[in-house]
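Hi there,

Here is the structure I promised to pass on. Have a look at it first, and my notes follow below.

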Amino acid sequence: MILKQRTKPLPLKKLDAAIPRLSPQFPGLPKMKEDAKMQQQGYSGEIKVDYFLDNLAPMYTILQDIYLHENSKNFQIDSIVIANYSIAVVDTKHYKGTITFNTTLKQLTRSDGQIESGFEYPVTQIKNQTFHLQNWLNQRHLGHIPINCFVAIADPSTVIQAEGNQEEVGNYVAHAAEIPQRIMNADWQFGQKGATTLSDYQVGRTILGECGEFDMNLFKRYNMRPTDILPGVICPECGWRGMQRVHSGWCCRKCKCYSKDAHLTALNDYLLLVKRTITNTECMWFLGLKSRHAASRILKNSPLIYYPKNRSWRRR
Ligand SMILES: [Zn+2]
């Protein structure tokens, strides 16, 4: 079963919410757009790999996007598959073109036909993640469980090349479609060697119980102030900020489109970017409402919950 399902990563959610709410002159904007693009590419690669790994769900326990704390360090793993005798750690790489692993220099280069760029060596990365997970399991008396690790190449059209020891690369790296078979084979071999059968669900619950969520402080990272986040309801059709309240919905002055619930995205943006709670006055300002009653009605009909002590609304 899939014990933990992947959702859009929190830093990407924050970037997507912040970018349309910044002035086009904001100095950090180009970097934020570039980072959002990179993170979106990583996320879509992970979803492509999930498509294949999900085939293992009827047999094994799967956890997607794991963030754990070990020895004053945090580490992140794209996917963990807990099989009958062993655990598989899978890291996803989403590159287009040709990628070359150099086993002597421990270096990865990618060429898209024109530009060649260098990246952190994925085999070293996955070995480090495995090392952290091994320590984490040791501290929870689960250190006897063998761990395999794989680098999944998300795009089937990516050409994988190796310079130096080809077999070494082949042991860790494969296209995503190959990975489930690799996991099954490696697990079967542990069974043949007489490894103990795991209570995969229990091990999964232990990991899930301590799993956190990777977050990023946008304000620190991009030198942003809370006042840089501009208010207004954003048009879902044309992206224009500042829709007007009409009857029981919103109207865009630019493209004339009508939306019943465009304010819900704006409320989410506020809670994600500005503060975890919102008062009636803050809601009036952020949605551009003139009446207190309209703000109250909107908040009462939203999925948010009222906390009388702070006279504010927040998520469940
Ligand atoms: Zn519009």
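**Zinc site and cores**

Along the chain, the donors of the zinc ion are spaced as C-x2-C-x13-C-x2-C. Please keep in mind that this is a predicted model. The four ligands are Cys235, Cys238, Cys252 and Cys255, each through SG, at 2.3 to 2.4 Å. The site is tetrahedral, with angles of 107 to 117° among its 4 donor atoms. For your reference, ideal angles for four tetrahedral donors are 109.5 degrees.

Cysteine 238 sits in the loop between helix 7 (218–221) and strand 11 (244–246), while cysteine 255 is in the loop between strand 12 (249–251) and strand 13 (258–259), so this pair ties together parts that are 17 residues apart in sequence. Cysteine 238 is partly exposed, at a relative accessible area of 34%, and cysteine 255 counts as partly exposed at 34% too.

Now to the nonpolar packing. The largest nonpolar core has 40 residues, and Met32, Leu218, Ile278 and Leu287 touch the most other members. At least two residues of this core come from each of helix 1 (10–18), helix 2 (29–53), helix 8 (262–273), helix 9 (280–287) and helix 10 (292–300). Helix 8 gives the most, with 6 residues. Domain 1 (2–209) and domain 2 (231–314) each supply at least three residues to this core.

What is leucine 287 in contact with, leaving aside its neighbours within four places in sequence? The partners are Val233, Trp250, His263, Ala266, Leu267 and Ile298.

There is also a second, separate core of 33 residues, with Phe75, Val89, Tyr95 and Ile207 among them.

Best wishes

Key
Residues numbered from 1 in each chain as written. Predicted model: local features only at pLDDT ≥ 70, side-chain atom pairs only at ≥ 80, totals over all residues. Heavy atoms only, no water. Core = buried A, V, L, I, M, F, W, Y, C linked by side-chain atoms within 4.5 Å. Buried < 20%, exposed > 50% of the residue type's maximum accessible area, 1.4 Å probe, protein only. Helix = DSSP H or I, 4+ residues; strand = E, 2+ residues; numbered from the N terminus. Domains from an automatic or database assignment. Contact = heavy atoms within 4.5 Å. Donors = N, O, S within 2.8 Å, 3.2 Å for Na, K, Ca; no water. Tetrahedral: all angles 85-135°; square planar, octahedral: opposite > 155°, others 65-115°.
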